[in-house]
Amino acid sequence: MANLEARLKEVKTIAKSPKAQLKKYLAAGKKVMGCFPMYVPEVIAHAAGMVPMGMWGAQTEQKLSKLYLPAFACPLMQSNMELGLRGTYEGVTAAMIPTMCDTFRCVSQNWKSGVKIPMISFSFPQNRKLQASVEFLETEYEHVKSCIEEILGTKITDEALENSVKIYNEHAKLMMKFAEIVPDHLDVITPTVRHEVMKSAMFVDKAEHIEIMKDIIAGLEARPAFNWTGKRVVLTGITAEPESFLKIFEDNGLAVVADDLGQEMRQYRTLIPDEGKTVMERIARQWNNRYACPLAHDEEFSRGDHLLDLCNKTKATGVVVCLMKFCDPEEYDFPLYNKQLRDAGIPSLSLDIDQQPTNYDQARTRLQAFAEIL
Amino acid sequence: MSEQQVKKPKRPMSKSLIMVRQQLADLYTEAGEAKARGEKIGWAASIFPQEICETLGLVVLYPENHSAGIAARHQADPFLQRAEGELEYNNDICSYAKINLSYIDTRNLEANNMPLPDFMLIANNICNQVTKWYENIGKRYNVPVYMLDMSFNHENFVTDSRLKYIRAQMEDIIASLEKLTGKKFDQDRFREVMEISAENKDLWIKANELQANSPAPLNGFELFNYMSAMVCCRGKRSTTEILKQLISEIEEHIEKGDSTYPGEQKYRVFWEGIACWPHFSHNFKVMKKLGMNIVATAYVRAWALDYIPGDLDSLIKAYTFTPSNNTPIETLVERRSRDLIKFKCDGMIYHLNRSCKVMAMQQAEIQRRLTEITGVPYVSFDGDQSDFRNYSEAQFETRMEAFTEIMDQHKAVREGK
Ligand code: SF4
Ligand code: SF4
């Protein structure tokens with residue numbers, strides 16, 4: 001068992017250089033599946049023996065993407081297109097792309113028009129209360145499965161799926177556990193470190209990441225709880241990157257005690273359930289169980305309640321909205337949950353997230369002022 | 001998506017135009033009266049299967065149409081301001097949504113007051129933003145929201161599993177509406193509504209296709225005027241009457257060899273995207289000066305829902321596959337290339353709509369593909385279907401002027417000059 005420090009160093013390296021991870025897996029004869037946000041059925045690719053890796057853009061200048069997208073496309077999809085067109089993802093066998101927002105619908109069409117990496121596309125059902133939606137998603141996932149089988153020339157057995165489901169659930173439970181104990185270890189788990197732990201999960205085979213997480217959790221539990229006297233905030237949004245953005249939190253004595261981020265806990269907070277006649281049905285049902293996410297239509301709109309719940313549990317006194325620029329699904333949610341937060345006396349601050357080289361001077365000033373009122 | 005009325009035609013208003021305006025006014029009056037009687041009123045996305053509501057005898061209004069009207073009458077400013085200010089909506093979201101979310105908050109309009117909804121009907125075959133927009137109304141005003149998820153089609157046909165899923169949702173929505181409103185869904189009436197709608201669809205297509213004549217019998221902008229009939233009333237007999245009248249007027253022009261377009265039609269153009277309602281008259285003025293007439297659009301045809309009356313599955317397929325926002329790019333390109341040829345277009349004008357991501361985010365690729373297939377040149381301009389701030393008169397003018405030169409060059413090559 002590696003110690004905590006070594007593991008934290010490891011996740012930092014992984015989070016910073018996904019490309020090295022890709023090379024490593026390719027060198028070992030593995031096939032890699034690119035996974036667009038959000039919630040794509042990684043577990044199916046995993047069952048085929050592939051290593052699913054997240055595609056969440058990068059800090060990059062937009063040149064080629066401009067041939068496809070206007071300036072008001074979200075930076076995340078601009079970067080994914082840019083990296084795809086530039087060939088940065090070379091080596092990736094295929095990319096799974098869902099169509100969860102309007103930008104996504106078009107990006108799936110742009111990708112297949114301009115990027116050499118084959119796309120495996122499918123649609124998530126948005127009417128999530130009917131049994132028919134589960135059956136629909138099962139057929140979509142069967143399609144994903146047969147695409148993978150065709151590309152690899154193999155068969156994905158139910159047994160392999162069951163096994164991968166076990167691994168994914170175990171991993172998700174460890175991520176939940178980690179998120180739960182972070183507030184007791186804010187001396188070690190700074191906002192940046194927390195993010196690196198989360199982010200590294202996207203670039204490592206989940207079976208390996210399980211070992212990393214076990215060590216980190218054991219290492220943290222072996223330490224006494226730390227009495228953090230600074231302020232605590234919850235992050236919400238799609239991503240909270242880059243490091244220079246998180247650094248501002250640290251400089252202002254703000255600890256991130258929980259997140260509701262697409263790139264982080266939103267992925268892990270819902271397990272693949274046990275109920276279901278087939279393993280594919282169970283995998284499909286996970287989508288219906290997801291909650292408080294702007295990309296999953298929700299009759300009850302549970303996001304405000306979820307944020308309040310996170311604040312209560314972690315004693316956070318503020319919410320920082322990390323708003324991916326031009327992300328309309330996120331923008332539509334904001335007034336709703338912000339009202340709930342306001343009514344509950346929890347202040348919030350909305351900051352723009354970009355993926356182009358930006359300086360965060362304005363965010364710094366605003367976050368400073370925010371820290372003072374908490 | 002939606003429609004609105006062109007301002008101040010210089011000629012006396014045509015009979016069909018008077019009829020379509022009256023129809024819309026009547027719809028709002030009827031809605032107000034129904035509301036006053038205590039009936040439940042719905043608000044629906046523009047390509048929701050109205051056949052359900054019409055069969056149940058429910059009065060349904062269309063916020064996109066309503067917002068477009070506010071924008072076209074230049075009344076949008078306070079609504080946009082309020083949405084982005086007090087109501088905390090981001091400037092980035094669709095301006096139809098901004099205007100509507102503000103309207104429902106203040107309900108302050110001189111004309112066309114729209115009674116508040118007792119239920120909301122989502123159909124995301126147009127976009128995903130409408131889902132988020134209606135979720136907001138549902139939550140803020142505690143109104144039930146019924147979701148008909150049409151699921152983006154990656155294939156160039158509607159898969160069986162989609163069909164099954166959508167059918168289950170339709171059945172569920174019908175049952176929910178019956179429960180909510182106490183009305184009964186009658187199969188015979190359903191069939192009848194489908195028949196009326198199918199006839200209206202045929203008439204609508206015919207009216208549009210008559211523009212293939214040379215000269216085009218209508219000033220193409222005028223067809224946008226009739227969209228309220230197709231968006232809000234395409235299951236009603238009154239629409240049949242309006243469209244028949246319109247067609248007879250068009251045929252009269254064809255017979256006489258004249259057109260409602262003032263002046264010589266030097267360029268026949270395809271208009272891609274929603275109209276730019278706040279700048280409708282500026283668009284027209286500039287294009288008129290240059291001799292450009294719109295002979296084809298993809299947008300108005302999104303309501304030409306083609307199905308077999310009595311066949312529910314064919315209706316579902318039409319609803320999920322007719323709007324180009326819900327189909328793969330190949331289908332979208334194929335439809336447009338067909339029309340570019342059929343309507344003998346000299347050029348294509350793309351409205352790069354700041355509000356509408358689903359129509360903007362693949363426009364560049366559509367342009368490339370269509371030019372490659374058809375050789376028809378194109379121009380694009382920045383606009384917004386209902387936020388007047390996202391438009392520059394100077395840009396529109398310069399681009400259109402330059403475009404006539406490009407079209408001239410193409411014409412010269414075509415004619416071997
Ligand atoms: S959900 Fe937001 S961040 Fe994700 S693709 Fe859509 S607009 Fe971009
Ligand atoms: S986003 Fe586009 S399709 Fe959707 S309501 Fe707005 S204008 Fe219509």
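Figure 1. A:Glu82 is buried, its relative accessible area being 1%. A:Arg86, by contrast, has a relative accessible area of 42% and is partly exposed. The model shown here and in the views that follow is a predicted one. A salt bridge joins A:Arg86 to A:Glu82, with 3.1 Å between the closest N and O atoms. Both residues belong to helix 4 (residues 75-86) of chain A, where they stand 4 residues apart, about one turn of the helix. An α-helix has 3.6 residues a turn, so residues three or four places apart point the same way.

**Figure 2. The salt bridge between A:Asp343 and A:Lys339 in helix 14 of chain A.** The closest N and O atoms of A:Asp343 and A:Lys339 are 2.9 Å apart, and the two residues form a salt bridge. They are separated by about one helical turn, because they are 4 residues apart in helix 14 of chain A. A:Asp343 counts as exposed, at 58% relative accessibility. A:Lys339 has a relative accessible area of 45% and is partly exposed, since it falls between the limits of 20% and 50%.

**Figure 3. The salt bridge between A:Arg223 and A:Asp187.** In this pair the closest N and O atoms are 2.8 Å apart. Over all chains, a search of the whole structure finds 72 salt bridges.

Figure 4. A:Glu330 lies in helix 14 of chain A. With a relative accessible area of 1%, A:Glu330 is buried, because the value is under 20%. Its side chain makes a polar contact of 3.1 Å with the side chain of A:Arg266. Neighbours within four places in sequence aside, A:Glu330 is in contact with A:Gly237, A:Ile238, A:Arg266, A:Pro294, A:Arg303 and A:Leu323. A:Glu330 also takes part in a network of salt bridges that links A:Asp260, A:Arg266, A:Arg269, A:Arg303, A:Glu330 and A:Asp333 with B:Lys132 and B:Glu135.

**Figure 5. The interface of chain A and chain B.** The contact takes 53 residues from chain A and 52 residues from chain B. About 4300 Å² is buried between the two chains, 56% of it on carbon and sulfur atoms. A:Phe72, A:Arg105 and A:Tyr332 supply 20% of the area that chain A buries against chain B, more than any other three residues. There are 7 salt bridges between chain A and chain B. In the salt bridge of B:Lys164 with A:Glu135, the closest N and O atoms are 3.7 Å apart. Across the interface, 33 residue pairs are in polar contact. On the side of chain A that touches chain B, the elements giving two or more residues are helix 5 (102-114), strand 4 (119-122), helix 6 (131-152) and helix 14 (328-343) of chain A. Helix 14 of chain A gives the most, with 11 residues. This side of chain A divides into 25 nonpolar, 15 polar and 13 charged residues.

**Figure 6. The shell around ligand 1.** The residues around ligand 1 are A:Cys74, A:Leu76, A:Met77, A:Cys101, A:Phe104, A:Leu295, A:Met324, A:Cys327 and A:Pro329. The shell divides into 9 nonpolar, no polar and no charged residues.

**Figure 7. Helix 12 of chain B and its packing.** Helix 12 (residues 312-321) of chain B is mostly covered, with 7 of its 10 residues buried. The buried residues are B:Ser314, B:Leu315, B:Ile316, B:Ala318, B:Tyr319, B:Thr320 and B:Phe321. They pack against helix 2 (50-56), helix 7 (160-181), helix 8 (187-209) and helix 13 (329-342) of chain B. At the start of helix 12 of chain B, a side-chain oxygen of B:Asp311 comes to within 3.1 Å of the backbone nitrogen of B:Asp313.

Note on methods. Residues are numbered from 1 along each chain as its sequence is written. Chains are lettered from A and ligands numbered from 1 in the order in which they are written. This is a predicted model: local features need pLDDT of at least 70, side-chain atom pairs count only at pLDDT 80 or more; totals for chains, interfaces and linings use all residues. Side-chain values use heavy atoms; hydrogens and water are left out. A residue is near a molecule or strand if one of its heavy atoms lies within 4 Å of it. Ala, Val, Leu, Ile, Met, Phe, Trp, Tyr, Cys and Pro count as nonpolar, Asp, Glu, Lys and Arg as charged, and the others, Gly among them, as polar. Contact means heavy atoms within 4.5 Å. Buried area is the accessible area (1.4 Å probe) that two parts lose on being put together, summed over both. A salt bridge is a side-chain nitrogen of Lys or Arg within 4 Å of a carboxyl oxygen of Asp or Glu. A polar contact is a pair of N or O atoms within 3.5 Å; within protein, one must be able to donate a hydrogen and the other to accept it, and residues adjacent in sequence count only if both atoms are side-chain atoms. Buried means under 20% relative accessible area, exposed over 50%, partly exposed in between (1.4 Å probe, protein chains only).
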